[in-house]
Amino acid sequence: MAEKIKLDIVSDVVCPWCTIGYKRLEKAISEMGVSDRIEIEWQPFELNPHMPSEGENVIEHIANKYGSTLDQQMESQERMKDAGEELGFTFDYFESMRIVNTRDAHILLDYAKEKGKQTELKMRLVAAFFSERKDVSDRDVLAQEIKVVGLNVEEAMSRLDDDAARYEVTSKEQYWQSLGVSSVPTFVFDKKSALTGAQPVDVFKQVLTELLEQ
């Protein structure tokens, strides 16, 4: 059996381009028929680690953080909606949408990894936030999504009050940042090479083809 490619995806749950990037990667893997040759692990990155529990309106947040005008943001949202649509994913932006804290979500993704359901939970959380207008910092929402993917709700939610589990997430974030990851998504192949951003399907195909031929 040929060795698998270990693919670490550094991303945040509330990052739209992370979702688009992954869906393009998924398409490339599917069209190449190589899903059994690739092992994916999601790595934590918090775009807003100090976001308070009440969150912040998306439009205000992007304006404050990046200086984007309303017109620029509307244009960007349309681009993301179109890109999502091509990949079968719905971005439902709405006026009162809020950016929220994602620390708890990352702790639960770590838990899901142990149970072999990390990608499944990741895509549930992403859909909950972008497609279903849910607050993924709300513990009731998180518990619902844990249940949807068939994991033990009580066991999973107990991690959120475990200091060691919280420390594990921040340690991983620091590790990837120490390697130079400063923007997401970042796709790291066998810890040797990396792609950043939501690359086109063909770019993922090219990189995977080269790695699988080695």
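Which residues form one aromatic cluster here? They're Phe89, Phe91, Tyr93, Phe129 and Phe130. Before I go on: this is a predicted model, where local features need pLDDT of at least 70, side-chain atom pairs count only at pLDDT 80 or more, and totals for chains, interfaces and linings use all residues. Residues are numbered from 1 along each chain as its sequence is written, and side-chain values use heavy atoms, leaving out hydrogens and water.

Okay, the overall picture. We've got nine helices and six strands in the chain, taken as DSSP runs numbered from the N terminus (helices are H or I, at least four residues; strands are E, at least two). Of the 214 residues, 49% count as buried, meaning under 20% relative accessible area with a 1.4 Å probe, protein chains only. The C-alpha atoms fill a box of roughly 50 × 45 × 35 Å along the principal axes.

Now back to the rings. There are eight aromatic pairs in the structure; rings of Phe, Tyr and Trp (its six-membered ring) pair if their centres lie within 6.5 Å, and planes under 30 degrees apart are stacked, over 60 edge-to-face, the rest tilted. Take Phe91 and Tyr93: their centres are 6.2 Å apart and their planes at 15°, so that pair is stacked. Phe91 is buried at 5% relative accessible area, and Tyr93 is buried too, at 14%.

Then look at Phe187 and Phe204, an edge-to-face pair with 4.9 Å centre to centre and 75° between the planes. This one links distant parts of the chain: Phe187 sits in strand β5 (residues 186-189) and Phe204 in helix α9 (residues 201-213), 17 residues apart. Both Phe187 and Phe204 are buried.

Note on methods
Buried < 20%, exposed > 50% of the residue type's maximum accessible area, 1.4 Å probe, protein only.
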